[in-house]
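Take a first look at the sequence and the 3D structure shown here. Keep both in view while reading.

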Amino acid sequence: MIVANWKCNGSKAMIDEWFQSYKKVVKNNGICDGFIGIAPPTIFINEVYNQIKKNNLNIDTISQDIAGYTRKFTGAISADMLLESDAYSFCIVGHSERRISYNEDNKIIQDKIRECLSCDINPILCIGETEEENKHGKTKEILENQLSILVNMAITDSLTIAYEPIWAIGSGKTPNPKDVNEIHKFIKDVVQSISTKNLAPLVLYGGSVTDKNSESFFGEEFVDGALIGGASLDGTTFAKIVNIFNTTKKL
Ligand code: PEP
């Protein structure tokens, strides 16, 4: 599964160019294990959705956020609204930028996951530690705390986790792929032990993934894909990463 998080980037011209480049480079329409998704700014959802349909591409569109049932505030988008648009069946929840800049804590993120699950929107839950926490060997403790919101929730196989060390996001710094693999196994085990259905989720890695380093992550057994910010803004680079994923996972 490969997910593009465009954050607060994009324009009509950029989207047009992105799809022209993407379709020239992607092989086999990118058909892959899981799916390929783009999370554009909400205002561009129609442009992105129409480009996908027009070009007959195997890409899903994803919301970058959801209000959560207790937070239907100014500027927010609720699950009912997402459901009214054919474009959304997935939603990123708990991205570190929202945890930090919008003070989203475990309680708020739990609300958002609940809202997703109640409306059949598939959540992609982002978790990750700071550089300080990493240096002090606290990564697993932090992740376990962030995953604790899933206790007593009716988790289904629609849940995906994105492991995004905060210090790797947009910094050009990346953890060792072997360490990422071990953390992904840990995440799967924790969620499986919480899940009443014994489900292990797909776990994506996110943080400065590019077409140059993606193979080293995809080569690891428990890395099921990537959540990509900066490198997803260019259609050619994103298509190259999709191709590398498909070759590395040997589908
Ligand atoms: C992100 O913001 O989720 C992300 C992974 O960004 P980048 O790829 O730019 O590090």
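## About the model

The structure is a predicted model. Please read each value below with that in mind.

## The ligand site

There are 14 residues around the ligand. Those that come nearest are K7, E164, G170, S208 and G229. Sorted by class, the shell holds four nonpolar residues, eight polar ones and two charged ones.

K7 places a polar side-chain atom 2.5 Å from an oxygen atom of the ligand. H95 also uses a polar side-chain atom, and the distance to a ligand oxygen is 2.9 Å. G229 uses its backbone instead: an N or O atom there lies 2.8 Å from an oxygen atom of the ligand. How much of the ligand's accessible area does the protein cover? On its own the ligand has 290 Å² of accessible area, and the protein covers 96% of it.

## Helix α1

Helix α1 runs over residues 12-25, which makes 14 residues.

Which residues of α1 are buried? They are M14, I15, W18, F19, S21 and Y22. These buried residues pack against three elements: β2 (36-39), α2 (45-54) and α10 (235-248).

## A lysine in helix α5

K112 sits in helix α5, residues 106-118. Is K112 buried or exposed? Its relative accessibility is 2%, so K112 counts as buried; the cut-off for buried is under 20%.

What does K112 touch? Leaving aside residues up to four places away in sequence, its contacts are D65, I66, A67, G68, V93, R98 and E104.

## Two asparagines with positive phi

N28 lies in the loop between α1 and β2. Its phi is near 55°, a positive value in a residue other than glycine. N28 has 62% relative accessibility and therefore counts as exposed; exposed means over 50%.

N103 lies in another loop, between α4 (96-101) and α5. N103 is not a glycine, yet its phi is positive, at about 55°. With a relative accessible area of 60%, N103 is exposed.

Methods:
Residues are numbered from 1 along each chain as its sequence is written. This is a predicted model: local features need pLDDT of at least 70, side-chain atom pairs count only at pLDDT 80 or more; totals for chains, interfaces and linings use all residues. Side-chain values use heavy atoms; hydrogens and water are left out. A residue is near a molecule or strand if one of its heavy atoms lies within 4 Å of it. A polar contact is a pair of N or O atoms within 3.5 Å; within protein, one must be able to donate a hydrogen and the other to accept it, and residues adjacent in sequence count only if both atoms are side-chain atoms. Accessible areas come from the Shrake-Rupley method with a 1.4 Å probe; for residues, only the protein chains shown count as cover. Ala, Val, Leu, Ile, Met, Phe, Trp, Tyr, Cys and Pro count as nonpolar, Asp, Glu, Lys and Arg as charged, and the others, Gly among them, as polar. Helices (H or I, at least four residues) and strands (E, at least two) are DSSP runs, numbered from the N terminus. The expected span of a helix is 1.5 Å times one less than its number of residues. Buried means under 20% relative accessible area, exposed over 50%, partly exposed in between (1.4 Å probe, protein chains only). Contact means heavy atoms within 4.5 Å.
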